Number of protein chains: 4
Amino acid sequence: MNRAAPDRPHTITALRRQREKENRTRTILATAERLFCEHGYPNTKMQDIAQEAEIAVGTVYFHFRNKEDLLLQLMDDIAFNIRNILGEAFQNGKTPMERFENAGRAFFEKFCLGHPAHLIILLRESVGITAEVEARRRAIFDRFKEDVHAAISEVMAEYVLSNPLVAEVTSVAIVGMLERVAYQYLIWQDRSGDMDTITTEALSFIRGGLRSVLRNLRARENEG
Amino acid sequence: MNRAAPDRPHTITALRRQREKENRTRTILATAERLFCEHGYPNTKMQDIAQEAEIAVGTVYFHFRNKEDLLLQLMDDIAFNIRNILGEAFQNGKTPMERFENAGRAFFEKFCLGHPAHLIILLRESVGITAEVEARRRAIFDRFKEDVHAAISEVMAEYVLSNPLVAEVTSVAIVGMLERVAYQYLIWQDRSGDMDTITTEALSFIRGGLRSVLRNLRARENEG
Amino acid sequence: MNRAAPDRPHTITALRRQREKENRTRTILATAERLFCEHGYPNTKMQDIAQEAEIAVGTVYFHFRNKEDLLLQLMDDIAFNIRNILGEAFQNGKTPMERFENAGRAFFEKFCLGHPAHLIILLRESVGITAEVEARRRAIFDRFKEDVHAAISEVMAEYVLSNPLVAEVTSVAIVGMLERVAYQYLIWQDRSGDMDTITTEALSFIRGGLRSVLRNLRARENEG
Amino acid sequence: MNRAAPDRPHTITALRRQREKENRTRTILATAERLFCEHGYPNTKMQDIAQEAEIAVGTVYFHFRNKEDLLLQLMDDIAFNIRNILGEAFQNGKTPMERFENAGRAFFEKFCLGHPAHLIILLRESVGITAEVEARRRAIFDRFKEDVHAAISEVMAEYVLSNPLVAEVTSVAIVGMLERVAYQYLIWQDRSGDMDTITTEALSFIRGGLRSVLRNLRARENEG
DNA sequence: GATGAATGAGCGTTCATTCAT
DNA sequence: TATGAATGAACGCTCATTCAT
């Protein structure tokens, strides 16, 4: 294949520019994330972000359409990140249940502990901002929910089809659980030291919940 | 001498005024709740509330310190309401588990279906507004969590004492589930028609989770 | 002479009412004066005055036309009071100069030390409020100035007529001096303990100033 | 290699911007001063200032923190201006008394006649606005007073040390005179045409006052 | 006479966004 | 690309005044 010479002066400059632009974008995004978490989205002024990032306000607007866009891109990054972490964790494990629990453990230990700011953006700062932000937030949770749904479908095997709502509700319940446990112990309190116990208990709870649902499905099948 | 109670007229007038004042307060609160839910807290202007309540802006400020105060009082009312509903539901039932499930069912069927606006205020409109609002929101969830904690303590009997964090995490997990299931099926989607099934599945999941946690506690006890 | 019986029940009641009304008026006025001095006229709300006077806002408006009226009546009281004090002091003394100095001394020792609030109202709180208030303030100073003028006219005897502006300017200068010395040592600083020395020095200064002006007038007369 | 100073263009632009910014600031300040004098500080809206300066409200807030800041900066300018005028006038003259009178004459003829708006701001519009404004006003008068104090110290020579309060009170008295004479004949009345006579008489009065105080100090010294 | 809830025009301030340089 | 001064619609809140009871 014949790729255009990547080292022509023009291209080199272009590449460097590209790289610099991305750097700047990342810097702005990181600054915005920090300020949104520290002072809240509505209390963070574009001016503040520019100042902290050591650039002019106009420059922020060169890289992002507007303030909402900043938040939306942040949310996209977060969504990408969380799927990466959970997806990777889900690869390892022999049984479906094991894979599921690996993912659950990764949620707490890699995502929540590794990126607490992401948690804050997703669970606090992006709530009730705009119809579009709310839609994006919902999309992220829907995807999260569907990932969980896919994972527990393996566990529940054939039973899920009889009534799709059952597995759905279960997924939503699990997501809600993960969410608030994280919010409670990382945002409201800081019990990051006890995260191991907390994770274990939460997963134990989920395991039992899943078994219970499964048992019910089997019972209904036998009846029907 | 037979003097008619000299302050009766005054008191009667004062009482009527008192009553009328409370009515006004309630009207304003109801209007605010509706508008906060419809357009969001930040998008609702004090002017709008006044207009919808058919009074002057100043009147709103006569009854409430400021916009935040309006939200805080709304939250207090909601907290009172939810505790009433759950507390009453918890009275009925023979076994601890039955009482617990009655309360869970009441959460969905009485609180969520009966006062969807309360749900929206608590889970969406009061998020990330102010430090004080956030504190109030946390207090409400803490009390909710503690009620759940008290309820499952009956179920778990003596086991809870060995490691208090276990029951705590379990309570938080249960609250999180209830929350997001409600948010998902009443705010994001409107599946109020399927609420019966949803409730049943959610409670089934929780029941199983509780059993699982309980089983673990027993196992540890036997080991220790 | 045949005055209507002053002790008829109706009249007695009317008198008592009259007395009570005046009492209330005085109470309100005193409260207003205190609050104006403590927090400034613009920062004092009618509500505050009512509250401190332990009556309803409406009652304040029954006794006074509006907030400005409150200030105006206060200023009238002050004007009356100051003229009383100075007029009385001016009675005593053999020579015109002695009488003049008695009045000057009374200004500091009776008016300023006895009614510091009056000083504050007149020199700080009534400045730059309204055209009408400013006019009243000016009227008070004009009268004060004219009193001084009359007093020094006795001292200057026949010389004042040749150029009326001379005695005028002198009066204004004296008034300005008294004013700021009082403001400096009673409002900005509290040197009420040193008031005796301050008074003595100020009067000595005035005496010298007057002599100087007088000497000039005589000189001009001899030239002319 | 011969690189053109790379930050020269940037600096030039920056300098121009700086200059333009200062121009804007001065324009706003001048407009504010005019409006404050014409309609009074409290009656002047930020909107008015913006409109008269032909800019947007936001622009005023870009250059000044708030309305109070506008007044404070105006006061600083005035303080600078008055010290300049008096300081310069004080340079000329052979005897201390001559220098002192030159400064006094400059106060009336250069400061008051040349900048009547400054007088109004200082003596009327900045009174009773805020604690901070009052403090600034006091600071200006204190410095004025101290300048006068320094000037008369030369005249009084060694006598002032015996009792510092004497010279202090004298300074305050002189400042008060200058003030009210200016206020009376330039703000309340417009006798700017007679300013020459007024100045002469006022200074004559002060001269006499100073001599009198001096004579007293000598008398006490001889006694002691 | 007294009450106090109601009024609503008015004002200071904010801040996301733009655009000439 | 970057800058930062300029914009102006928008909003929360105040408070002197009124008036039905």
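Which residues does V181(A) touch, not counting residues up to four places away in sequence? The list is I198(A), A202(A), V169(B), V172(B), A173(B) and G176(B), where touching means that the C-beta atoms, placed from the backbone, lie within 7 Å.

## Ground rules

This is a predicted model, so local features need pLDDT of at least 70 and side-chain atom pairs count only at pLDDT 80 or more, while totals for chains, interfaces and linings use all residues. Residues are numbered from 1 along each chain as its sequence is written, with chains lettered from A and ligands numbered from 1 in the order in which they are written.

## Where A meets B

On the A/B side of things, 37 residues of chain A are in contact with 37 residues of chain B. Helices α6 (116–125), α8 (164–188) and α9 (195–223) of chain A each supply at least two residues of the side that touches chain B; helices here are DSSP runs (H or I, at least four residues), numbered from the N terminus. By class, that side of chain A has 17 nonpolar, 11 polar and 9 charged residues. Nonpolar covers Ala, Val, Leu, Ile, Met, Phe, Trp, Tyr, Cys and Pro, charged covers Asp, Glu, Lys and Arg, and the others, Gly among them, go down as polar.

## Cores

The largest nonpolar core has 115 residues, and V181(A) and V181(B) are the ones with the most contacts inside it. A core is a set of buried Ala, Val, Leu, Ile, Met, Phe, Trp, Tyr and Cys residues joined through C-beta atoms within 7 Å. Buried means 20 or more other C-beta atoms within 10 Å, exposed means 12 or fewer, and partly exposed is in between, with C-beta atoms placed from the backbone. There's also a second, separate core of 113 residues, including V60(C), F111(C), M156(D) and A173(D).

## How C and D are related

E54(B) isn't a glycine, yet has a positive phi of about 60°.

R215(B), in helix α9 (residues 195–223) of chain B, has 13 other C-beta atoms within 10 Å, so R215(B) is partly exposed. R215(B) and L203(B) are 12 residues apart in sequence and 18 Å apart in space, C-alpha to C-alpha.

How values were computed:
Contact = placed C-beta atoms within 7 Å.
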